[in-house]
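Colleague: I would like to go through this model with you and ask how a few of its descriptions are reached.

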Amino acid sequence: TGPRVSELVASQPPHGRARHSVAWAGEETSENWMNIGREYTERWHHQMQIREAVGAPPLLERRWLHPLLDLSVRALPRAYAEVDAPAGTAVVLEVPGDAGGAWSVVREDGGWRVDRGAAGNAAARVRMEPGDVWKMFFNALDPARAAAAAAVTGDARLAEPLFRARSVMV
């Protein structure tokens, strides 16, 4: 199906309205780029499950993992939806290594948004290794184990919702 999927993806205007919304990101409507990204995360996740089952090397190189993380962090605003904090409050997720990066979930009027990069004024910082953070986002690491695998600085209360974020429907 690879060539047919590629043709379909290439035919979609990136900012056009997607046929399906990405519910795990809390979206009622999504643009095509986000829905295509959701499809990528599903294929990547299933590939990792197969690789773990047969003992094949994981897909943790930058070309595979960084796009996955850049999409998966879109689940953070939904995870933080019930967290009341002053506008401008930021929580940073840092994933070390070439495939990682930093993302900030920032409180604004009416909700939370995700920004690429580390906010300088973060109220909390969470550092997680690549092998742990993908498992957390894909429900293969429960919140308690995710918290135990993370290094948190700042307000630990603000880090807790991050450990419940899921970029799959569970």
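Colleague: Which helices do the buried residues of helix 2 pack against?

Modeller: In this predicted model, the buried residues of helix 2 pack against helix 3 (62-72) and helix 5. Those buried residues are Asn32, Met34, Asn35, Gly37, Arg38, Thr41, Trp44, His45 and Met48.

Colleague: What makes the reach of helix 2 close to what is expected?

Modeller: Helix 2 covers residues 32-54, which is 23 residues, and from its first C-alpha to its last it reaches 33 Å. At 1.5 Å a residue the expected value is 33 Å, and the reach is close to that. After the helix comes Gly55, with a positive phi near 75 degrees.

Colleague: Why is Ser167 called buried?

Modeller: Ser167 has a relative accessible area of 1%, and because buried means under 20%, Ser167 is called buried. This residue lies in the segment after helix 7 (156-159), and among the residues that Ser167 touches are Thr41, Ser72 and Phe137.

Colleague: How do you know that the side chains of Ser167 and Ser72 make a polar contact?

Modeller: The two side chains are 3.2 Å apart in that contact, and a polar contact asks for a pair of N or O atoms within 3.5 Å, one able to donate a hydrogen and the other to accept it, so the pair is counted as a polar contact.

Note on methods:
Residues are numbered from 1 along each chain as its sequence is written. This is a predicted model: local features need pLDDT of at least 70, side-chain atom pairs count only at pLDDT 80 or more; totals for chains, interfaces and linings use all residues. Side-chain values use heavy atoms; hydrogens and water are left out. Helices (H or I, at least four residues) and strands (E, at least two) are DSSP runs, numbered from the N terminus. Buried means under 20% relative accessible area, exposed over 50%, partly exposed in between (1.4 Å probe, protein chains only). Contact means heavy atoms within 4.5 Å. The expected span of a helix is 1.5 Å times one less than its number of residues. Lists of a residue's contacts leave out its neighbours within four places in sequence.
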